[in-house]
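The sequence and the structure are shown first, and the description follows.

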Amino acid sequence: MQLIWLRSDLRITDNTALSAACERGPTIALWLISPGQWHAHDDAPCKVDFWLRNLREMRQALDALNIPLLIRKIDTWDEAAATLLAVCRQHRIEAVHWNDEYGVNERRRDDAVRTQLAGAGIQPHSYLDQLLLAPGTILTRSGGYFQVFGQFKRACLEHLHRSLPALAGKVRRQAPLDIGSDPIPWQVDGFDKPADSLRELWPAGEQEAQARLTRFLDEVVEDYQRLRDLPAKPGTSQLSAYLAAGVISPRQCLHAALSSNRGEFDSGSEGVQTWVNELLWREFYKHILVGYPQVAQHRAFRPHTEALPWRDAPEDLKAWQEGRTGFPIIDAAMQQLLHTGWMHNRLRMLVAMFLSKNLLIDWRLGERHFMRHLIDGDLAANNGGWQWSASTGTDSVPYFRIFNPQSQSERFDPEGNFIRHWLPQLNSLDSKKIHAPLMLADNLANTYHEPIVDLASSRRRALAAFKGLSHRQ
């Protein structure tokens, strides 16, 4: 008997470990509920709910294949090895299969499981599945992990040109086993059920993920290079939550993108090339997680930036979290996060830079707030994006890049439609005044917030803080 240990790979199609297990013989599946660990990782309630909803969809597909799904509840991953061993002994499992994950805690958990299983004579097998290329296979000439995305991307494309990762084999229906599937809880203690309006934005299941991919490639990708920066337009794939939970794989995305572009990486549709670029950013940050594990432990990628004089400003932090900064594009973006579990990527950079540069508040507080609300919360991507914005991470551009929220708003939401959607109290303003906090103060003294910071002086303060670091290096 084989066991597939499901984690962030909640799909049947193109699931490397599931395919490998089923090829070896009769298979059962296992998923662990671990609320203590999820709390420690700041996983959002809407993300946990999304897992459970996708797991229910997957159980139906597994049932159709006669693969029972077992559910076990532990508190933290410290209990994972013993729990897996108990399941293996109960069902006389010969081998356990899983797809690799890359955080420090994930790797420790898997090492402990591997050791315990091997000691009991049970074969552990792990597979590359979350990524196109395994960490450690894309290295600099000196044998280190890349620190600059452009160089990493070039090396990835060279590999992918030579050999495209193949999709996993199809899982076939097996003979019925005398083992029943366990019920999946509708909710886990400590994680509130999100609003129905949020859940409706993110239907569960592989079919939904595939439909989004098809719709994006058919209707949007040709103009993706322009649309992806406009938060008021449906110009992105909306697949990030499905990729984070493993409801769709990066291989499926890459194969579909290339198929729509005659198999080309670097010619044909600029939109496809740009989207493949985004898939490689996701890849890059997971490789960084392995090559520089301190980023998974609340540490800056660039050690000298640990000395930055971050402000202790709880009221400013709270105003930012709640969308009360007095800067419409910032506040609208934060409302989008709170109500949908998602934020447009251009705005993620903008609000992160506003917190870490204009407010000079530690990026880690913003990173945590995002994880606690994002349905697509992913340690590598979230940390990478925050450290990029805060100039503490992997970036070839110096610290003096500080986005101006007003000019960004005017450029990427020129009519103010995104702002109006999330801040209806500003609906009466024209497309010039709606971006300008000082004009707002004159027109909406009683219905909107005063700006909590002066952009010019806060920019000077941030530059001085970073310059002080460079002098001490």
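## Terms and basis

Helices (H or I, at least four residues) and strands (E, at least two) are DSSP runs, numbered from the N terminus. Two strands pair if DSSP finds at least two bridges between them.

This is a predicted model, in which local features need pLDDT of at least 70 and side-chain atom pairs count only at pLDDT 80 or more, while totals for chains, interfaces and linings use all residues. Residues are numbered from 1 along each chain as its sequence is written, and side-chain values use heavy atoms, with hydrogens and water left out.

## The sheet

An open sheet is formed by 5 strands in the order E3-E2-E1-E4-E5, with parallel pairing. Strand E3 (69-73) and E5 stand at the edges with a single partner strand each, so one side of each has no neighbour in the sheet. From one strand to the next, the twist averages 25°; angles run from 0 to 180 degrees between N-to-C directions, and axes are lines fitted to C-alpha atoms, for helices over the stretch in contact.

Helix H5 (residues 104-119) packs on this sheet and touches E1, E4 and E5, where contact means heavy atoms within 4.5 Å. The direction of H5 makes about 165° with that of E4. Helix H4 (residues 80-91) lies across E1, strand E2 (27-33), E3 and E4, and runs at about 150° to E2.

## Strand E4

Strand E4 (residues 95-99) is mostly covered, with 5 of its 5 residues buried; buried means under 20% relative accessible area, exposed over 50%, and partly exposed in between (1.4 Å probe, protein chains only). Ala95, His97 and Asn99 are buried on one side of E4, and Val96 and Trp98 are buried on the other.

E4 has parallel partners in E1 and E5. Strand E1 (residues 2-6) is joined to E4 by 3 bridges, and Gln2 stands opposite Ala95 in E4. Strand E5 (residues 123-127) is joined to E4 by 5 bridges and runs parallel to it. Within E5, Tyr127 is the bridge partner of Asn99.

Helix H11 (residues 250-259) is mostly covered, since 7 of its 10 residues are buried. The buried residues are Pro250, Arg251, Gln252, Cys253, Leu254, Ala257 and Leu258. They pack against helix H1 (16-24), helix H6 (149-162), helix H8 (206-220), helix H10 (240-244) and helix H12 (270-291).

Two packed helices are described by the angle between their axes and the distance between the axes. The axes of helix H13 (residues 314-322) and helix H14 (residues 328-340) come within 7 Å and cross at roughly 65°. That angle makes H13 roughly perpendicular to H14; angles under 35 degrees count as roughly parallel, over 145 as roughly antiparallel, 65 to 115 as roughly perpendicular and the rest as oblique. Trp320, Gln321 and Glu322 in H13 meet Ile330, Met334, Gln335 and Leu338 in H14. By class, this contact has 4 nonpolar, 2 polar and 1 charged residues (Ala, Val, Leu, Ile, Met, Phe, Trp, Tyr, Cys and Pro count as nonpolar, Asp, Glu, Lys and Arg as charged, and the others, Gly among them, as polar).

## Two buried residues

His435 is placed in the loop between helix H19 (417-422) and helix H20 (437-443). The relative accessible area of His435 is 3%, so this residue is buried. The side chain of His435 reaches the backbone oxygen of Asp413 at 3.4 Å, and a polar atom of that side chain lies 3.3 Å from the backbone oxygen of Pro414. Not counting residues up to four places away in sequence, the residues touched by His435 include Pro328, Gln406 and Ile419.

Asn383 belongs to helix H17 (residues 379-390) and is buried, with a relative accessible area of 4%. The side chains of Asn383 and Glu367 are joined by a polar contact of 2.9 Å. A polar contact is a pair of N or O atoms within 3.5 Å; within protein, one must be able to donate a hydrogen and the other to accept it, and residues adjacent in sequence count only if both atoms are side-chain atoms. Beyond four places in sequence, Asn383 touches Val295, Trp363, Glu367 and Asp378.
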